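Hi,

Here is the structure I promised to pass on. Have a look at it first, and then read on for what I found.

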Amino acid sequence: MTIGKIVAVIDDDENVRIAIVALVRSVGYEARGFASALDYLASDLCGSAGCLITDVQMPGLSGLDLHARLLAERRACPVVFITAFPEARAEARAKAFGAIAFLSKPFDAQVMVQCIEQALGRSPRA
């Protein structure tokens with residue numbers, strides 16, 4: 001495991017969340033899954049994750065609104081947005097926030113790994 005490089009995965013779809021957590025762990029990083037943005041905000045990991053992977057559209061607080069809040073509170077980390085409903089406006093907002101990527105579901109696992117490695121400051125694998 002890479003110490004201090006925990007990846008937080010936030011998605012209200014349990015199957016997607018479990019799959020991404022498994023992918024992150026398969027490449028040697030620690031990962032923790034959260035069913036909602038509010039669950040993440042209430043966790044001890046909030047503000048200390050090395051990377052955040054979050055769904056855009058979720059009940060309660062969207063991934064974009066979560067990131068905006070974390071930016072305002074100076075607790076943001078590199079973020080990868082994922083969505084089943086890609087919209088140009090949402091993607092533009094994500095990029096304006098400095099997102100590592102805005103990926104449409106289903107996404108290529110290797111692309112996600114490259115995004116995680118970029119977010120954690122590691123060179124992508126060849």
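Predicted model: local features only at pLDDT ≥ 70, side-chain atom pairs only at ≥ 80, totals over all residues.

**What I found**

The strands form an open sheet of five, in the order β2-β1-β3-β4-β5, with parallel pairing. At the edges stand β2 (31–34) and β5, each with a single partner strand, so one side of each has no neighbour in the sheet. On average, neighbouring strands are turned by 15° against each other, direction ignored.

Now for β4. How many of the five residues of strand β4 (residues 79–83) are buried? Five of the five are, so the strand is largely enclosed by the rest of the structure. Val-79, Phe-81 and Thr-83 point one way from β4, while Val-80 and Ile-82 point the other way.

On one side, β4 pairs with strand β3 (residues 51–55) in the parallel sense, over four bridges. Thr-54 has Phe-81 of β4 as its bridge partner. Four bridges also join β4 to strand β5 (residues 101–104), and these two run parallel as well. In that pairing, Val-80 stands opposite Ala-101, and Phe-81 stands opposite Phe-102.

β3, helix α3 (residues 63–72) and β4 make a right-handed β-α-β unit.

**Helix α1**

Helix α1 (residues 14–26) packs on the sheet, where it touches β1 (7–10), β2, β3 and β4. Its direction makes about 170° with that of β2. α1 has 13 residues and reaches 18 Å from its first C-alpha to its last, close to the 18 Å expected at 1.5 Å a residue.

Which residues of α1 are buried? They are Val-16, Arg-17, Ile-20, Val-21, Leu-23 and Val-24. These residues cover an arc of only 160° around the axis, which puts them on the same side of α1. What covers them includes β1, β2, β3, β4 and α5. On the face turned away from that buried side, α1 carries the exposed residues Asn-15 and Ser-26.

**Two backbone details**

The peptide bond from Lys-105 to Pro-106 is cis, with omega near -10°. Pro-106 lies in the loop between β5 and α5 (109–119).

The other is Arg-74, found in the loop between α3 and β4. Its phi is near 60°, a positive value in a residue other than glycine. Is Arg-74 buried or exposed? With a relative accessible area of 80%, Arg-74 is exposed, because that value is over the 50% cut-off.

That's the lot from me.

Cheers

Terms used. Residues numbered from 1 in each chain as written. Heavy atoms only, no water. Buried < 20%, exposed > 50% of the residue type's maximum accessible area, 1.4 Å probe, protein only. Pairing = 2+ DSSP bridges. Right-handed = clockwise from strand over helix to strand, strands pointing away. Axes fitted to C-alpha atoms, helices over the stretch in contact; angles between N-to-C directions. Contact = heavy atoms within 4.5 Å. Expected span 1.5 Å × (residues − 1). Arc of directions from axis to C-beta.
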